[in-house]
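Visitor: I have this structure open and would like to go through it piece by piece. Can we start with a single pair of side chains?

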Amino acid sequence: MTEQGVRLQDRRIALGITGSIAAYKAVDLLRLLQAEGADVRVLMTASATEFIGTLTLETLSRHPVDSDVLALQADGRIGHISTAHDVEAIVVAPATAHWLGAMANGLASDSITAACLATSVPVIVAPAMDGGMYAHPATQANVARLREFGYHLVEPEFGPLASGMVGQGRLASLDRIVDATVRALGGAPAAVAGAPTGAVSQSGAPGNSASAGSSRTDLAGRHVVVTAGGTAEPIDPVRFVGNRSSGKMGIAIAEEALDRGAAVTLILGNHTVEPPAGAHVAHAETAAEMEAALRALTPPSGPRFDVLVMTAAVADFRPHSPSAKKVSRSSGMTLEMVATPDLLAATAERVRTSIGASGARRPVLVGFAAETGSLERAEEKLRSKGVDLLVANDVTEPGSGFGTDTNKVTIYSSDGSSEELPLMAKREVAEFLLDRVAVRLAAIVGESAALAETN
Ligand code: CTP
């Protein structure tokens, strides 16, 4: 619930629960959706009922649970069809690897896939499973297919899993799932219950009617990763070598991407402003931690994002041998520094190699460059880092320095063009930049569709 009040007042939402151990969290998700004002009815796969009882969900939702695709309602209507027509959004959480596969292929052997096939309302999907299962190319292909349907994917999080292992597979935090649902509904007025479905939404994609309510949803169903803030390289347990980055530019981009319907992962170093509630935040204090987070998102099976915007001020040097104990002032200090790797260039290289091998769709890569005195090195940085766009600013210009709310940037593009923007609010810079990114994304989707047709 927000301070402004509930965000899903009188919204009719179906919650689809599939057979993952994370099913127990769906009870809390139901309560959170209700706390936002939603009227929630529950659909379950047969295996989900092994994890939690229908009685719990019927009692809390005050609706019968539909766990049998063949069942008729008391009034004789077909359960999943009436749900498909009556609700305004379907939230599938947790979604197992099996369910993603069934949905990607339109196999309607449970009430949830059947309702999703029969509806044209937004579908929000929050997968949960073992990290290896999630990383498998089969699962990733199914996730990509669901994105093509216009479904809103809420990426699972990194962390300890039910197996005792650690990986990306934990059900996203319930707040993120609720936020994604709010965004998918786009603030559009509640539709009339029982209105016929099957209509094609404004964007032309069935199931993506989130577009209807908000002026810009050109990043709906996309995963945008933003690095922001500055890294802090330890000298000893107390002191570090850092920089003046506030994280404001990256956080503005994360906010803008969320508003445009994207799922956002924010890899965040030191920062002075709060990250947006809807983003999945991975804290990375040092260049090495940021590198590990980026590596996890760029496995050999292909990048796990559609857009990477690297605004972080990564330290170029770190102390060679940080002391395990606080260095006393009396002993003096001379620091030997070593260069850190270029994370953006290395990530771009891994992306190129992995898409070459896996055939995954290429993402849009954006770098930032804080220069002093002139932007003459920007074009060379664009090339050497292998990015699509490079946003350069001169931090010595008034209003363009660290910690300001404004920025004056020039956007260099790999097609050789450049755009010098006037001094504007960081949020406006974010809007301009994501306009450019959305155009590139659309071109990439067009390229892959043309390629698929010729194959
Ligand atoms: N960057 C990076 N890894 C580093 C340093 C920078 O990924 N070790 C990224 C930044 O996040 C930014 C881009 O590279 O997106 C440009 O950063 P910048 O500091 O301007 O470039 P450098 O490569 O560090 O070049 P120089 O220090 O010579 O200006």
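Visitor: What do the side chains of Arg41 and Asp86 form?
Guide: The side chains of Arg41 and Asp86 meet in a salt bridge, 3.7 Å from N to O. A salt bridge here is a side-chain nitrogen of Lys or Arg within 4 Å of a carboxyl oxygen of Asp or Glu. This is a predicted model, where local features need pLDDT of at least 70 and side-chain atom pairs count only at pLDDT 80 or more, while totals for chains, interfaces and linings use all residues. Residues are numbered from 1 along each chain as its sequence is written, and side-chain values use heavy atoms, with hydrogens and water left out.

Visitor: Where do those two sit?
Guide: Arg41 lies in strand β2 and Asp86 in helix α4 (residues 79-86), so the pair ties together parts that are 45 residues apart in sequence. Helices (H or I, at least four residues) and strands (E, at least two) are DSSP runs, numbered from the N terminus.

Visitor: How many salt bridges does the structure hold?
Guide: The structure holds 27 salt bridges.

Visitor: Back to β2. What order do the strands take in the open sheet?
Guide: The open sheet has five strands in the order β2-β1-β3-β4-β5, with parallel pairing. Two strands pair if DSSP finds at least two bridges between them. β2 (39-44) and β5 stand at the edges with a single partner strand each, so one side of each is left without a neighbour in the sheet.

Visitor: And how many bridges join β1 to β3?
Guide: Four bridges join β1 (residues 12-17) to β3 (residues 89-95), and the two run parallel. Gly16 stands opposite Val92 in β3.

Visitor: New topic. How do β6 and β7 pair?
Guide: β6 and β7 (residues 166-170) pair in the antiparallel sense over four bridges. Gly159 stands opposite Gly167 in β7. The hairpin of β6 and β7 has five residues between the strands, and Gly164 takes a positive phi near 95° there.

Visitor: What about domains?
Guide: The protein is divided into domain 1 (12-185) and domain 2 (223-454), with bounds from an automatic or database domain assignment. The C-alpha centres of the two domains lie 33 Å apart. The contact (heavy atoms within 4.5 Å) takes 14 residues from domain 1 and 16 residues from domain 2.

Visitor: How much area do domain 1 and domain 2 bury between them?
Guide: They bury about 1200 Å², 51% of it on carbon and sulfur atoms. Buried area is the accessible area (1.4 Å probe) that two parts lose on being put together, summed over both. In domain 1, Phe158, Arg176 and Arg183 lose the most area to domain 2, together 41% of what that side buries.

Visitor: Which elements give two or more residues to the side of domain 1 that touches domain 2?
Guide: They are α8 (137-148), β5 (152-153), β6 (157-160) and α9 (174-185). The largest share of that side, four residues, comes from α8.
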